[in-house]
Amino acid sequence: MISILLSCYNSNPEYLNEQVLSIINQTEKDWELLVYNDGTEWLEKYINSLNSKKIKYYDNGRKGYVGAYNFLLKKAKGKYICFCDHDDIWEKDKLEIEKNYLDENKNVDCVFGWLNWFGEKNKLESFSISDEDISKQLYFWQPIKNPTVMFRHNRFGELDAPFETSADFWFYAKHKDRHYHLIEKVLVHYRRHADEN
């Protein structure tokens, strides 16, 4: 099973619904979606309206990005883990492609793919990098696109970053000895907002 972790803070209902529907409509069906309410007033009502046993809702007070995802990591039951932004849209075969690759390549700990930016800024974030070079580059730049990842639950620890804004950089650099692989395909449409660089 795949555990998809989603924390919501000041989420936009339209954007969140688009993301959740892109998960529900995945070609791979063996997943659970764990949703943490980190500050979205209407969230519980929305999750209840979906009436899905595959979607689990949690609210244990404001924790911030790192605290919320660590909470969900401890609740996750899946062999594989995906992080999920509340306002992106997944390609319908994202989970299937990543799960199949990890199932067939037992030596790989984490896979990720390309991002297609949309919204206030349009850009195809595509590139090539060898498995060996990914770990070598983790202290210098972030080749791993966090909204696209899937990793083996038993091969990674807590998201114990000291800074909220660089949590993913810290997380993967801490685990630079893991075996990463880039899938050269757009897996996630990444929404850019006017207040982002």
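Q: Hi! Where does Arg-155 lie?
A: Arg-155 sits in the loop between E8 and H6. Those labels are DSSP runs numbered from the N terminus: helices (H or I, at least four residues) and strands (E, at least two).

Q: What kind of model is this?
A: This is a predicted model, in which local features need pLDDT of at least 70 and side-chain atom pairs count only at pLDDT 80 or more, while totals for chains, interfaces and linings use all residues. Residues are numbered from 1 along each chain as its sequence is written, and side-chain values use heavy atoms, with hydrogens and water left out.

Q: Thanks. What is the relative accessible area of Arg-155?
A: The value is 33%, and Arg-155 is partly exposed. Buried means under 20% relative accessible area, exposed means over 50%, and partly exposed is in between (1.4 Å probe, protein chains only).

Q: And which residues is Arg-155 in contact with?
A: Leaving aside neighbours within four places in sequence, Arg-155 is in contact with Asp-109, His-175 and Arg-178. Contact means heavy atoms within 4.5 Å. Arg-155 and Arg-178 are 23 residues apart in sequence, and 7.9 Å apart in space from C-alpha to C-alpha.

Q: Let's go inside. How many residues does the largest nonpolar core have?
A: The largest nonpolar core has 32 residues, and Leu-5, Phe-151 and Tyr-180 have the most contacts inside it. Such a core is a set of buried Ala, Val, Leu, Ile, Met, Phe, Trp, Tyr and Cys residues joined through side-chain atoms within 4.5 Å.

Q: Which helix gives the most to this core?
A: H3 does, with six residues.

Q: Which residues does the second core include?
A: Ile-4, Leu-6, Cys-84 and Leu-102 are included in that separate core of 29 residues.

Q: New topic: which residues are buried in helix H2?
A: In H2 (residues 43–50), Leu-43, Tyr-46 and Ile-47 are buried. Seen down the axis of H2, the buried residues fall within an arc of 95°, so they line one face of the helix. The arc is that of the directions from the helix axis to the C-beta atoms.

Q: Why do residues three or four places apart point the same way in an α-helix?
A: An α-helix has 3.6 residues a turn, so residues at that spacing point the same way.

Q: What do the buried residues of H2 pack against?
A: They pack against strand E1 (2–8), helix H1 (13–24), E2 and strand E3 (55–58). The face turned away from the buried side carries the exposed residues Lys-45, Asn-48 and Ser-49.

Q: Which residues of H4 are buried?
A: Lys-94, Leu-95, Glu-98, Lys-99 and Leu-102 are. Down the axis of H4, these buried residues fall within an arc of 105°, so they line one face of the helix.

Q: Last one: where is Leu-124 found?
A: Leu-124 is found in strand E7 (residues 123–125). Leu-124 is partly exposed, with a relative accessible area of 47%. Aside from neighbours within four places in sequence, Leu-124 is in contact with Leu-115, Asn-116 and Val-186.
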